[in-house]
Structure formats: structure tokens, C-alpha cells
Amino acid sequence: MSRQELLASVALFESLTEDDLATLTSRLEEESFEAGEPIFQQGDEGSSLFIIEEGEVEISYGSGRSKVVLASLFPGQYFGELSLFDGAPRSATATAMKVSHVVRLDRDDLVEFVHRNPAAALRIIAEMGERLRQTNELMSRQVSRNVLEEAEDKLTFGQRIADRVASFGGSWPFIILFFVTMTIWMSINVLRFVSFDPYPFILLNLVLSTLAGIQAPIIMMSQNRQSTKDKLLAQNDYQVNLKAELEIAALLRGQAELLARVSVLEATLTRRPAAPSQIPRESTPPSLP
């Protein structure tokens, strides 16, 4: 990939013409870093955009035990783009994870380029507006799903019966009904109204054992299905949270880029010299007699 194609892959410059890209490409400077060497540190003054030609770069926040790795970047990806517009201190640390070759575009070169090409600045702002529009569209989409309803629709008849049995077997009505049935059973046989199962209630033990033997696997089937539902809920929550986090980060980043570009454009327009027709002519003093 040529450096012009590498620069065109940066979202900030997608809408630039071939001539604009060629002009910016001529201003790129190459740098190399050894493995483990920092490209810039958090808090350093920012003034350059970096594009990776070869190697791998890690973007991290903090240091020591509080260090958090934000991203790992590879050839074709870029970082440090916001400093092109606001020149604010770096918000993270960039470190070469292996021998890396990058190209750098400095803020002064971009400002000079924009100063000479106001139309290019408008194209950059238009590109940023399109990215914000896409971000807003993405934010308006609904990605959360009711996984419980989806799981219920796929249940077989046997699974539905198992769920109902497990639900009833773990409820107070079942406990009360079971206790009443046992009391009546034992009372009838103890008081000898109808002695079909005299003490020690061998038939009752058989019934209870059979009931427990049948109920236990049914409850286990229902519990396994509940575990599957919990897993689906956890996966869905993770996807929703991750999407929300990425969308918010993209939205904030896009707004910051747009504000920075507007500031650069305003600064550029205010620095442009006035046209000759707009410069007031000095009044000629009247000739003396």
C-alpha cells in the first residue's frame, strides 16, 4: 500500500481529492521505533497524527497496576488524530509492541495545507458531518432482543410440561397439597378406617420414592434450561452494553473532531488576507492652491 493510499484510509481524509492527498502525502515524515519504545506518553503535548506502516502499537491509559490497555493497532490503522486540531495533551500512551515503522503528519503542516486549501477544509468537515450522521443512525437502531421470548418460542411440548411440573413442584400449593395428602393417608391407616397401607406405610414410601424419582430429572431438565436462559440474558446484556459503550465513545470522539475542525477553519478564515477590493484606499489630501 502506497503512502497516499495509507493516508486515504484515514477517515479524516476520505473525502479529499487525489491532488489534496498527494499534497498531504508529501508532508508525511517517517519514524521507526523499537519494541517497547514509547511513541508518546500520556500528558505529552500533542501535535501529530501517526499511521502505522509496519509493526504493532498498543494504546494504553495509566501506568503500573492501574494501566488499562485500550487498543492494539496494526498496519493501516492510525492514532493521535485529535491533536491535529486542538493540540491538547495526549490522553493515552502509545507504545510500539514490536519494531514498528510509522508515518507522521504534523499539525503545522495540516494547518498550512488548510490555510492554502479552504475547500479541502470544508471537505474534511463534510466528512465529519457524514460520520456523525452515521453515528446518530447507529444510535437509533435497536439491538436489544427479548431472548426469553425467543427461547420460549423454540420449546417443545415435553419441555413445556417439564417447566410446568418444576414450577408447581417448587411452590407452596404443592407443599401444602403434599402435606395434606400424607396426613390423610396416614390418618386413614392409623385409625383403621380403611387399612390399605398399615404402619410402617410401605405403599406410601413406594409412592414417595416413585414421585421423587420422576420429579428429580424433570426439575433438573428445567434447571438446565433456566441456566441456558441465564446465559442468553448475560450474552445479550454484554452485547448491548458493548454496543452502547462503543457508540458513546464514537459519538464523543466525532463531536470532538467536528469542534476541532470548526475551530481550525475559523482560525484559517480569520488569518486569510483581505482581498484587494476589500482594502480601504487612503483618501487623497486636497491640493493646496
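**Entry 1: Arg104 and Glu31.** I began with the side chains of Arg104 and Glu31, which meet in a salt bridge at 1.9 Å, N to O; the term denotes a side-chain nitrogen of Lys or Arg within 4 Å of a carboxyl oxygen of Asp or Glu. Arg104 belongs to strand S8 and Glu31 to strand S1, so the pair ties together parts that are 73 residues apart in sequence. Helices (H or I, at least four residues) and strands (E, at least two) are DSSP runs, numbered from the N terminus. I noted that Arg104 counts as buried at 14% relative accessibility, whereas Glu31 is partly exposed at 23%. Here buried means under 20% relative accessible area, exposed over 50%, and partly exposed in between, with a 1.4 Å probe and protein chains only. A network of salt bridges links Glu29, Glu31, Arg104 and Asp106.

**Entry 2: provenance.** The model is predicted: local features need pLDDT of at least 70, side-chain atom pairs count only at pLDDT 80 or more, and totals for chains, interfaces and linings use all residues. Residues are numbered from 1 along each chain as its sequence is written, and side-chain values use heavy atoms, with hydrogens and water left out.

**Entry 3: Arg27.** I searched the whole structure and found seven salt bridges. In one, the side chains of Arg27 and Asp109 meet at 3.9 Å, N to O. Arg27 lies in the loop between H2 and S1 and Asp109 in helix H4, 82 residues apart. Arg27 is buried at 17% relative accessibility, and Asp109 is buried with a relative accessible area of 17%. Arg27 also forms a salt bridge with Glu112 (3.4 Å, N to O); Glu112, in helix H4, is 85 residues away from Arg27. Glu112 counts as partly exposed at 31%.

**Entry 4: the sheet.** I traced an open sheet of four strands in the order S1-S8-S3-S6, with antiparallel pairing; two strands pair if DSSP finds at least two bridges between them. S1 and strand S6 (78-79) are the edge strands, each pairing on one side only. S3 and S8 pair over six bridges, and Ser48 stands opposite Asp106 in S8.

**Entry 5: the core.** I looked up the largest nonpolar core, of 24 residues, in which Phe13, Leu24, Leu49 and Ile51 touch the most other members. Such a core is a set of buried Ala, Val, Leu, Ile, Met, Phe, Trp, Tyr and Cys residues joined through side-chain atoms within 4.5 Å. Its largest share, four residues, comes from H5.
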